[in-house]
Amino acid sequence: MTYEVKLEIFEGPMDLLLHLIRKNEVDIFDIPIATITDEFLAYIDMMKALNINVAGDFLLMASTLMHIKSKMLLPDTDDKEDEEDPRLEIARPLLEYMRIRDLAHELSERDVLGRDVFSRIPSTELSALSDSEDVPLEANIFQLIDAFRRIVDQRLPETQLRFRLEEWSINEKIDQIIARLKEKQTLYFQELFPEGMGLSELVVTFLALLELVHRGLLKLFQPDHDSDILLNAALPEERNP
Amino acid sequence: MSEKLQPILEALVFAADHPLSPREISDWLPEYSIRDIRAALNALEMEYGSMGRSFFLKEVASGYQFRTKREFAPYVLKMYKTSPSRLSQAALETLAIIAYKQPILRQEIEKLRGVDVGGIVRTLLEKGLIRIVGRKNLPGRPFIYGTTKKFLEVFDLTDLNSLPKMKEIKTLFSNGEGAVPALQALEGTSDAIQEEAADEAAPEGPKD
């Protein structure tokens, strides 16, 4: 049996299960559990063979499937007439999942602002919607690291490591950066690392910066590769209720 | 008096940077009632609708806003030099779950989708489409998520009640061998199923 593999499609076990059910054109309430389990396992094997990390979610689903399969194999005991079909254990969540996919589809069919329709003054917030979604920053982590390396290179021509007690905590640095951003709204990356800052402080400052970005309190922009990165405060200014 | 009101509203909505709600407008025009303002905006909406312009007035997120028609999107995008905003399938599914099941915990979202959604939730938070509405009194005090006003704006919804209705396929569970063709239900093409479901149970709207 051959499989049509589009790995990026199967984001999770539910996705894969749904694909198998569609492929086999079976009724979700009468799933041929043996067939589907076998195919599910075969798919996991294939993922392993392709050196793809099989997420725990897939393994959990596989064990659920096998559990159901084993239940189905047990002979019917007459006194348990009212016991429900063990397959419902996956049929229910699958159905729920199908409904969600349906809803997601309906949402995406709407007149989406910034894609299908545009308001007269596009608020700056909306521009954050464009471009790829997994990169919330205009400058990515590699650009950040590059910029940091440049700073370290400038300051420390000869590498010199000294260990001492932590003098700056990341939290302190975060507070400092936030305080400065509250004053100015925007800062340049360079400004965070003034002349004469020691290596450990540089590092702590950089970690604080990463943490701020991670928490979504900062937005970074880098107009082009060699220019300095601009830090924009994204401090809570919720227009929303 | 609405002859005077209408052009004022038109000017306000035209110059605003977000959808203007009748309530908001009434703060600036205390001499008019919210009801009058709403009526005038509705009339204006109809008027623009019948004018055949490239933009229209639309009620979104409980406010009114001018928006360009869908067919002109390619030109506007060209002007902005951006590609249209896209959410991945995974992000859309997660957003749909939050929209319909809010207030909801991340754990509950993961149960429905069967995968970790941490990264996606963060992305949606960053885009301002969802927000943290509180914390649940459970071990670890997990965050509770809900959608934002911006979600309504982006997806052209007046309010949460105007979300597309969830299709109820409950019939299947009540009588064990209901045997509904899964594929049809999936494609959402089977009207018969929907009607059947409608008889069985009124589709539930989103909880607030």
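Helices (H or I, at least four residues) and strands (E, at least two) are DSSP runs, numbered from the N terminus. Residues are numbered from 1 along each chain as its sequence is written, and chains are lettered from A, with ligands numbered from 1, in the order in which they are written. The model is predicted, and local features need pLDDT of at least 70, side-chain atom pairs count only at pLDDT 80 or more, while totals for chains, interfaces and linings use all residues.

**Exercise 1.** State how many helices and strands chain A has, and in what order they come.

*Solution.* Counting the runs in chain A gives 8 helices and 3 strands. Read from the N terminus, these elements follow the order α-α-α-α-α-α-α-β-α-β-β.

**Exercise 2.** Find which residues of α3(A) are buried, and explain where they lie around the axis.

*Solution.* A residue is buried if 20 or more other C-beta atoms, placed from the backbone, lie within 10 Å of its own, exposed if 12 or fewer, and partly exposed in between. By this rule the buried residues of α3(A) are A:F58, A:M61, A:L65 and A:I68. They cover an arc (taken from the directions from the helix axis to the C-beta atoms) of only 90° around the axis, which puts them on the same side of α3(A). An α-helix has 3.6 residues a turn, so residues three or four places apart point the same way. The face turned away from the buried side of α3(A) carries exposed residues, among them A:L59, A:S63 and A:S70.

**Exercise 3.** Give the strand order of the open sheet in chain B.

*Solution.* Two strands pair if DSSP finds at least two bridges between them. The 3 strands of this open sheet stand in the order β3-β5-β4 (chain B), with antiparallel pairing. Its edge strands are β3 (104-105) and β4 (130-135) of chain B, each of which pairs on one side only.
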